[in-house]
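Work through the exercises below with the structure open beside you. Try each task before you read its solution.

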Amino acid sequence: MVSDEVLRTHLQELRRGTVVVASLVALRRPDYGYALLQRLAAHGFAVDANTLYPLLRRLEEQGLLTSEWNTEESRPRKFYRTSDDGETVLGRLLDDLTAVRTSVTQLIEGVGR
Amino acid sequence: MSSLTDRYLAATLRTVPAPRRAELAEELRASIADMIDDRTAGGQDHAAAEREVLTELGRPEQLAARYSDRTLQLIGPRYYLLWWRLLRTLLTWIPAAVGVITGLVTATVGDEPGRAIGAAISVALQTAVQVAFWVTLSFAILERTRAPLGLPEWTVDQLPEESRDRQISQPDSVASVVFLLGTVAVLVGQHFQRWATDDGSRLPVLDPALWSFWLPALIVVLLATVGLEVAKYRAGRWTWPLVAVNALLNLAFAGPVVWLLLTDRLLNPELIERFTWLRDGGADDVARVAVVVTVVIAIWDVADSMIKARRAAR
């Protein structure tokens, strides 16, 4: 029987890159940190706040997100949005995700044969 | 008193680069407030919600490191192997060399042979600590500056020569045999090539009375150890019978030496009489240091052989 620890590590490895993909997809509609966190959680991406907030800033520095302060609501919030560069990178990432999915399917069918 | 959130923000922002600090503070404060609001809307008490949110965000230093993309390790995988190899290489010979030189200088130029071993050990230890510190510091700086070292890539040509998994290398065995025969030569030689004393007469270091039994016995043990080295080299690795023989030989050598030292029978009594510093407790110091060194070397040797035997058995 595989220990929970081992399983958890592998799942974590598998999920690591998908948070970036999910954030870039979700931020096609501008949003602020905590709202994005909740949206991602609702779609099955359980990501820690202390991982997501720094990640958003890093993606912004890399030019994949743009940001804007919204001061209309009760408290000023920084809204992020996927930039054109972010969209390009996202396209590549999604292609790769599909490629991985296809490869795994082919491999499973190959093994089954 | 400032709120927990204020204290958390201050602790986090302290190590974030200044230009981004103000904006990050505002964003993080809003995020924390959002998270607290979400919990109080569910009926939770504000203070409890605040504690929970800040606990979830975790250590301020860690969060700050994530924001600034900083490493939280002294030496990462990029430099670790190089650091370890360099450290091992330097530690195998620099402290020993410095120790031996210090010991020789203390014994000859300083004319304090009794202090030589102690001085050598203490200087060797200090040197080891210094080497380890400065090498590690340099690599920790490299890790932080992410400086490219431009080292050549690893190639298959660097693989060691031995095809069979030989644990005992020829140079090691030769060195051990040379050392053992050297020790025999010293034991015999000290009787003839004697120490000069103040009045010009020459005396052996070890008690000549020991030649009736103990010195020949120790020499036999040393020669048996040479036999063990040969057997070990032919086997190519440590086996459990070899470990047992090694332990016995270590006991057969260290046991008598320690006993002779503790009963004040190893050093030549005439020699002790001639030197004031030996007479005034110096001989006891020499004996004490020698006992410790003998025991440590014996235990080290046996432990080392056991570890290697276990590794070879795997």
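**Exercise 1.** Find the loop that holds B:Asp264, and decide whether this residue is buried, exposed or partly exposed.

*Solution.* Step one: locate the residue. B:Asp264 sits in the loop between helix H9 (240-262) and helix H10 (269-274) of chain B. Helices are DSSP runs of H or I with at least four residues, strands are E runs of at least two, and both are numbered from the N terminus. Residues are numbered from 1 along each chain as its sequence is written, chains are lettered from A and ligands numbered from 1 in the order in which they are written. This is a predicted model: local features need pLDDT of at least 70, side-chain atom pairs count only at pLDDT 80 or more, and totals for chains, interfaces and linings use all residues.

Step two: check the backbone. Most residues other than glycine have a negative phi. B:Asp264 is not a glycine, yet its phi is positive, about 55°.

Step three: count neighbours. A residue is buried if 20 or more other C-beta atoms lie within 10 Å of its own, exposed if 12 or fewer, and partly exposed in between, with C-beta atoms placed from the backbone. B:Asp264 counts as partly exposed because it has 13 C-beta neighbours inside 10 Å.

**Exercise 2.** Describe the order of elements in chain A and the confidence of the prediction there.

*Solution.* Start with the count. Chain A has 5 helices and 3 strands. From the N terminus on, they run α-α-β-α-α-β-β-α. Now turn to pLDDT, the predictor's confidence in each residue, from 0 to 100. Its mean in chain A is 91, and 98% of the residues reach 70 or more. Within chain A, confidence is lowest in helix H1 (residues 4-16), with a mean of 88, and highest in helix H2 (residues 18-26), at 95.

**Exercise 3.** How do strands E2 and E3 of chain A run, and how many bridges join them?

*Solution.* Strands pair if DSSP finds at least two bridges between them. Here 6 bridges join E2 (residues 65-70) to E3 (residues 77-82) of chain A, and the strands are antiparallel. The hairpin between E2(A) and E3(A) passes through 6 residues. Pick one residue: A:Thr66 has A:Arg81 as its bridge partner in E3(A).

**Exercise 4.** Is A:Gly33 buried or exposed, and which residues does it contact beyond four places in sequence?

*Solution.* A:Gly33 belongs to helix H3 of chain A. It has 24 other C-beta atoms within 10 Å, so A:Gly33 is buried. Two residues are in contact if their C-beta atoms, placed from the backbone, lie within 7 Å. Leaving aside neighbours within four places in sequence, A:Gly33 contacts A:Leu52, A:Tyr53, A:Leu56 and B:Ser31.

**Exercise 5.** Which elements of chain B touch chain A?

*Solution.* Count first: 14 residues of chain B are in contact with 12 residues of chain A. On the chain B side, helix H2 (18-41), helix H3 (46-57) and helix H4 (60-68) each give two or more residues. H2(B) supplies the largest share, 7 residues.

Then sort by class. Ala, Val, Leu, Ile, Met, Phe, Trp, Tyr, Cys and Pro count as nonpolar, Asp, Glu, Lys and Arg as charged, and the others, Gly among them, as polar. This side of chain B has 6 nonpolar, 2 polar and 6 charged residues.
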